[in-house]
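Please keep the structure open while reading.

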Amino acid sequence: MAAMEAKLPWFATLSAQDRSWIGLVAQSGISAFVEWFRDPEAHSSMPTRIFGSAPREFTRVISLHQTVDLVRTTIETIETTIGTLLPPADVPIVHEAIQRYAREVAFAAATVYAQAAEMRGAWDARLEALLVDSVIRGEADESVRSRASALGWTGVAGTTGAAEVAVVVGRAPAAEPAEARNAGSNVADLVRHAAREAGADALCAVQGDRLVVVLGGTSKPVEIVQKLAPWFGPGPIVVGPVVKDLMSAVTSARAAVAGLRAAVAWPGAPRPVPADELLPERSLSGDGHARRQLANEVYGPLTVGDGVLLDTVSAYLDSGGSIEATARAMFIHANTVRYRLKRVADITGYNPLDPRDSFTLRVALTLGRLLNPEPGSTVL
């Protein structure tokens, strides 16, 4: 113990209890060596049992590198002592035995730390899966925030300067990627690492055939997900809308899950695709939130005032997208139609001249009429 304190600067900083654990391990190791030396075959498992005298928390207090230093110091101290305890002819024999025994102890120490790391990794994976499930189910509370922090979730602004959260849903890979097998990790580890490299937090879980990722610390999740796409399986990857924090992530999760279900209706969708770009498909698949969003944010603003914008875009869609036909049907000039359609694009964010946007407008107008809100009102 005196040699450890003299040679290892960090040893003196340990608490008395921690140093007592080390003393117990060293004493156990020396006693085990004596038993092993008497009959190596009968006591072949002795080196792997010497760490049993220390509690499980030992691996959290002392690192593997520090344990190797402790073993080396103990062996060196014994080697300088056996010359005064044994006849000269016996010293080389015992010295060789100590070298063999020290090698077994080193392997035993590596095994102990590997098992501890596996246990912590398995526990972290289960905790992370529970957290992601809580977000998907809308059961996030303060305990979710604290548990996420235990997994390394910072909840602060990332490199993009924002602390918002977005949920990403896609298909899980059918098999572990070669990179994961070679690194001895799994898809969730690779996704977390790639997200950190891109400056974002990430919580990951495989739920059946889908991979769910909760991204934090970024206001531009689509750019982050483009770097994570290789770890998803084939098929669409849907990015939910950005929300203010982890507690509100259920809103993003709900949109992402609904978007993944509806994405099959848009074969040409980009990968990844924001959930809000799938509003018409989500509406047709039965997503009530998407229906209300289209009615409130697209149809509703067009009903404000005299409704001329609503009439114009309706006539334009009914005419098959012909400005001239719309002008003739409404008895106005074609430039007036163009001006009004531009106003529609400015107000709703959807350009009637774009085929994809015109489809969204058609669905929004149909839903707005079905839900029948009063001009300028909000559909609940």
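R356 sits over the face of W266, 3.5 Å from the centre of the ring. The model is predicted, and the points below are grouped by topic.

**Aromatic rings**

- A pair of aromatic rings is described by how far apart the centres are and by the angle between the planes.
- Five aromatic pairs are counted in this model, with ring centres within 6.5 Å as the rule.
- One of them is F33 with Y101: the ring centres are 5.3 Å apart and the planes stand at 65°, so this pair is edge-to-face, the cut-off for that class being over 60 degrees.
- The F33 and Y101 pair connects distant parts of the chain, since F33 belongs to helix α2 (residues 16-38) and Y101 to helix α6 (residues 91-137), with 68 residues separating the two.
- Both F33 and Y101 are buried.
- F33 and Y101 also belong to one aromatic cluster, together with W36 and F37.

**Strands β2 and β3**

- Strand β2 covers residues 201-207, and six of its seven residues are buried.
- Strand β3 (residues 210-216) runs antiparallel to β2, and seven bridges join the two strands.

Methods: Residues numbered from 1 in each chain as written. Predicted model: local features only at pLDDT ≥ 70, side-chain atom pairs only at ≥ 80, totals over all residues. Heavy atoms only, no water. Buried < 20%, exposed > 50% of the residue type's maximum accessible area, 1.4 Å probe, protein only. Helix = DSSP H or I, 4+ residues; strand = E, 2+ residues; numbered from the N terminus. Pairing = 2+ DSSP bridges. Phe/Tyr/Trp six-rings, centres within 6.5 Å; stacked < 30°, edge-to-face > 60°. Lys NZ or Arg CZ within 6 Å of the ring centre and 35° of its normal.
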